[in-house]
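Subject: Structure handover

Hello,

Here is the structure I promised to pass on. Please open it alongside this email.

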Amino acid sequence: MLEATLQQRLGDFQLDVNITLNNTGVYAVFGPSGCGKTTLLKALAGLTPAQGQIRFKDQCWQATPMTLPAHERATGLVFQDNRLFPHLDVAGNLNFAVARASAGSISYEEVIDTLSLRTLLPRSVTGLSGGEAKRVAIARTLLSQPELLMMDEPLNGLDQSSKREILGYLSRLTTHFNLPTLYVSHDIDEVARLCDYMIVMASGRVIDQDSTVAAIQKLDQTTITTTGAVIEAAISSHDRAHSLTHLDLAGHTLFVPLQSHLAVGQRMRLFLAARDVVIATKQTHGLSIRNSLPGVVESMHAEAENRVRVAIRVADQLLFAQITRHASEALSLRIGAPVFALIKSVALG
Amino acid sequence: MTELTAVWLTLQLAATTTLLLLLLGTPLAWWLAHSRSRARPIVEAITSMPLVLPPTVIGFYLLLLFSPNNPLGDFWFTLTGSTLAFSFSGLVLASMLYSLPFMVQPLVNAFAAVDVRLREAAATLGATPGDTFRNLVLPLSKRGFVTACVLTFAHTIGEFGIVLMVGGNIPGETRVISIAIYEQVETLNYTQAHILSGGLLVLAFASLCTVYVANGRSVLRLN
């Protein structure tokens, strides 16, 4: 669907990437700050000059020296800084996109409803809160009927509650509108929650491209701020009385905060931070921790001088636990040992 | 009354000059605001020359340029059968040159203030560069346009030296208000001079008020 080979030199920085998107779904463009994620997005959108080739579906966007100008590419880019037009109100900003959009399947009413914008329409864009402005920016981009959606760290700069709110909107709209999406982020929680695939970047290059679950397992865990693993599980039931959702993980139950927007039987991905996983060698009783999953130690890596990262295989999924070396010795952990992974809390964005 | 003819002529001159400069100054200001060419500072300097040169210097060179011995003057003469010197058309040309910085500078400032990031956003929404200019840059530079037009109009009304040099004092053709005032004072006709001068004073004040109101609290900068 999208095939891009791009090179660009900016002073000392060299972007040299080769990416292929074959499916609809959300692709995380993941990597530390300054690794060229935003530059890649801008080059794909035609906003920054780069050498190379870009093919999207049956169109050629770039084959140096030919390059299609930004306004002729069917991309939609949600900028980190929103870039709403200050001389237009919310409705005016949305209509700017509608008036220039080619025919497409995204309906105005659906976008307004999905992002709860109806009451904001007559508002001036200068008075919007961070979360509101982001919703307007996302809606404006969707209404330009993009065939390739790109989002540049849409949760950056938002406070915790706006983050949660926007994350909810994003997970709804990516499934609802089903566009091939490139989602730039350096936050592993976000990526695990939203993205089906990962394009992992480091200093201007793509170092891995795989499904999110597989890519996170392969990640050099020292390069990310939060060490952890992504697991996938199906919803077995909702316990509204306790505001919990039960997930089925190969016959074991995992309790997570209520996910009422998901139906029973649907699969969800979640991120388990290594610092939230505790290891026990025996089945424990009398603990407040509700999540206890039996597994086998798959590997052990010394991390800092006094810590060990233990990979635990539970059914076909991999979990990480971060424990002290002292604890690892006291429990005589070794590869192949049966253990129980106790999960203190489940991060759900 | 001949003084009414002078007032009418002055307004015509100022309106024509403003309109033509708007058409010429907009692309020039856009280029000055965005070009990375090495010629840019030189073009900018030429544009600002009328701010520092005595009007008589500009007038003198224009007179030479308007002469039928010169290619421009000759071309005009073959085209229209009259000379540019001492004609309304010559005055318009001279005023355009003289008021050029008053049109261009506010527009350059206004264009430079329109964030390139907003233009990028417009492009990703499918707007062509022309579309972006009309529907994003123009509305965002509205104050700059008001300032530029009012200043150009007012400055053209107030010019004297250059008119005297290239236009002379032909009623209905080149005798503008400032020339009329000079003549009234020379002939000790102070009542007429008062009416015309007072009128210009009020007009200048009203124009500048418009500019400052349009620009909100910001201080007017020409450079």
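Below are the ground rules, and then the findings by region.

This is a predicted model, in which local features need pLDDT of at least 70, side-chain atom pairs count only at pLDDT 80 or more, and totals for chains, interfaces and linings use all residues. Residues are numbered from 1 along each chain as its sequence is written, while chains are lettered from A and ligands numbered from 1 in the order in which they are written.

**Confidence**

The model scores ipTM 0.79 and pTM 0.78. pLDDT is the predictor's confidence in each residue, from 0 to 100. Chain B has a mean pLDDT of 89, with 96% of its residues at 70 or more. Treat residues 219–223 of chain B separately: their pLDDT stays under 50. The model has six contacts beyond four places in sequence for that stretch. Two residues are in contact if their C-beta atoms, placed from the backbone, lie within 7 Å.

**Chain A: two domains**

Chain A is divided into domain 1 (2–218) and domain 2 (228–343). These bounds come from an automatic or database domain assignment. The C-alpha centres of the two domains lie 32 Å apart. Eight residues of domain 1 of chain A touch eight residues of domain 2 of chain A. On the domain 1 side, helix 6 (188–194) and helix 7 (212–218) of chain A each supply at least two residues. Helices (H or I, at least four residues) and strands (E, at least two) are DSSP runs, numbered from the N terminus. By class, that side has four nonpolar, two polar and two charged residues. Here Ala, Val, Leu, Ile, Met, Phe, Trp, Tyr, Cys and Pro count as nonpolar, Asp, Glu, Lys and Arg as charged, and the others, Gly among them, as polar.

**Chain A: two open sheets**

One open sheet has five strands, in the order 16-20-17-18-19, with antiparallel pairing. Two strands pair if DSSP finds at least two bridges between them. Strand 16 (277–280) and strand 19 of chain A stand at the edges with a single partner strand each, so one side of each is left without a neighbour in the sheet. Neighbouring strands are turned by 45° against each other on average, direction ignored. For such angles, axes are lines fitted to C-alpha atoms, for helices over the stretch in contact, and angles run from 0 to 180 degrees between N-to-C directions.

A:Arg309 is bridged to A:Gln322. Two residues lie between these strands in the hairpin, where A:Ala315 takes a positive phi near 50°.

Is strand 19 (residues 317–324) of chain A mostly covered or mostly uncovered? Mostly covered: six of its eight residues are buried. A residue is buried if 20 or more other C-beta atoms lie within 10 Å of its own, exposed if 12 or fewer, and partly exposed in between; C-beta atoms are placed from the backbone.

The other open sheet has four strands, ordered 14-13-12-15, again with antiparallel pairing. Its edge strands are strand 14 (252–257) and strand 15 (267–273) of chain A. The twist averages 50° from one strand to the next. Strand 13 (residues 244–249) of chain A and strand 14 of chain A share six bridges, and A:Leu247 is partnered with A:Leu254.

**Chain B and the interface**

Chain B has 11 helices and zero strands. Its C-alpha trace spans about 65 × 45 × 25 Å along the principal axes. Of its 223 residues, 35% are buried.

Between the chains, 18 residues of chain A are in contact with 13 residues of chain B. On the chain A side, strand 7 (75–78) and helix 2 (90–100) give two or more residues. That side divides into nine nonpolar, five polar and four charged residues.

**Backbone points to check**

Most residues other than glycine have a negative phi, and most peptide bonds are trans. The peptide bond from A:Thr64 to A:Pro65 is cis, with omega near 10°. A:Gln145 has a positive phi near 55° and is partly exposed, with 19 other C-beta atoms within 10 Å. B:Phe86 has a positive phi near 60° and sits in the loop between helix 4 (71–80) and helix 5 (88–113) of chain B.

Best wishes
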